[in-house]
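Let's take a walk through a protein model together. Have the picture ready, and look up each piece as we get to it.

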Amino acid sequence: MSHVLHRSLTQSYPTAVGGDGVYLIDADGKHYLDACGGAAVSCLGHSDTDVIAAVKQQIASLAYAHSSFFTTEPMEALADLLTEQAPGKLDYVYFVSGGSEAVEAALKLARQYFVEKGEPERRHVIARRQSYHGNTLGALAAGGNAWRRQQFQPLLIEVSHVSPCYAYRDQRMDETPEAYGTRLVNELETEIQRLGPEQVMAFIAEPVVGATLGAVPAVPGYFKGIRELCDRYGILLICDEVMCGMGRTGAMFASEQEGIEPDLLCIAKGLGAGYQPIGATLVSKTIVDTIKNGSGFFQHGHTYIGHATACAAALAVQKTIAERGLLARVNTLGTSLQQALEERFQSHPHVGDIRGRGLFRGIELVLDKKTREPFDPALKLHAKVKAAAMNAGLMCYPMGGTLDGRRGDHILLAPPFIMEEQHVHELVDKLELALNTVF
Ligand code: PLP
């Protein structure tokens, strides 16, 4: 009997004992092609010798020093590197241990900024339906995923939710993508007006939606419209790039691809690539200057912020990505993966849509291809696909449809940037095997 309180209390899990490049290996020696990086984490695979060496070296010299006593070399160097890469005036980095903490920090920074700026009435957050921003209470409140929120609702701060940008289901037949994007921006403006613009502190969104929609980029112009709207009403824009950031979509930050500069940018997952748990919130100079010139203290913190070994791991990961030119690979392999998925599954009777950007791809499963009617979520199709894929030696990240039937089950793919063309074919073959078992 396991004494671990696992995610599922009814399921048992194989024991992972090793990693070799793009594969994870269980205690029976079975190899699993990691086509989702766990949850878009392991962008360098599982045995990168440079990163492992950097972690060993850091632990041997200094594993950890509490951030209220010291700064450390790896933390400073990582902040330098990230702010060099980040768009515009995102000049400061607040280091945490994961994505939810990065979002919590962003929400608190937004609130403290307005308090110190003399606008304490700004307290409302607007997010989007069918979104996920983490599981801690603040981040969960921001998220618009009904299934995750349901039972915790009484504990969550009030957040308004507007429509996600989800062209496959919500763009009207008589609408261009641009017109659809404008309609959504107008919807956000209506919500801002309803709440009272002077009460709104931030809008939060994922530039390319991961877990809740399955690798869905916005239509062209949508994020530019959102940025303009936020500027017009003095509202902060938080981009949650916990999943889609750090090269996953073929640029270091997905917001760059949208041509926008957020005020706060949350990253995690690919930042440390799973070699250490680490996340971060990139913060604009304006926000930091306001707090610096006010109380001079960000009223927040965790024991492990800026953990030296975690920062050293992330630094090694990011240097490796740059030195090996992996972003270019993300783009070429991403195109190959999309083509291979389309060739194999486009005509599948239950594949409704194949989409994404870079090595971030999603397949939406539908009951009826023509009407796009989703499967009944009670069938738990996503769980069946996951089990069949694991049997076939493939890790993919399937997600159930929404309770209101507004989205079907989907499969999220986020393979390591180091994969080769042969792995694209292996992925598609194994996924076909899995789908043949389920349908
Ligand atoms: N934000 C997004 C977009 C995510 O996808 C996730 C996790 O999947 C989180 C936040 C929360 O990150 P973590 O699980 O590291 O707390």
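We'll visit two pairs of helices, then a single helix, then a single residue.

Before we start, keep in mind that this is a predicted model: local features need pLDDT of at least 70, side-chain atom pairs count only at pLDDT 80 or more, and totals for chains, interfaces and linings use all residues. Residues are numbered from 1 along each chain as its sequence is written. Helices (H or I, at least four residues) and strands (E, at least two) are DSSP runs, numbered from the N terminus.

Two packed helices are described by the angle between their axes and the distance between the axes. Axes here are lines fitted to C-alpha atoms, for helices over the stretch in contact, and angles run from 0 to 180 degrees between N-to-C directions.

Start with helix α8 (residues 177–195) and helix α9 (residues 222–233), which pack at an angle of about 25 degrees with their axes 9 Å apart. The two are therefore roughly parallel to each other (angles under 35 degrees count as roughly parallel, over 145 as roughly antiparallel, 65 to 115 as roughly perpendicular and the rest as oblique). Who touches whom? On the α8 side we find G181, T182, L184, V185, L188, E189 and I192, and they meet Y222, G225, I226, L229 and Y233 in α9 (contact means C-beta atoms, placed from the backbone, within 7 Å).

Now compare helix α3 (residues 73–85) and helix α12 (residues 308–323): their angle is about 40 degrees, and their axes are 8 Å apart. That makes α3 oblique to α12. P74, M75, A77, L78 and L81 in α3 meet A308, C311, A312, A314, L315 and Q318 in α12.

Next up is helix α15 (residues 421–438), with 18 residues. Its buried residues are H423, V424, L427, V428, K430, L431, A434 and L435 (buried means 20 or more other C-beta atoms within 10 Å of a residue's own, exposed 12 or fewer, and partly exposed in between, with C-beta atoms placed from the backbone). What covers them? The cover includes β3 (31–34), α13 (326–345), α14 (381–391) and β15 (394–395).

Finally, find R361 in strand β14 (residues 360–365). Is R361 buried or exposed? R361 has 25 C-beta neighbours inside 10 Å, so R361 counts as buried. Not counting residues up to four places away in sequence, R361 touches A215, L337, Q338, L341, G356 and L413.

Note on methods. Two residues are in contact if their C-beta atoms, placed from the backbone, lie within 7 Å. The expected span of a helix is 1.5 Å times one less than its number of residues.
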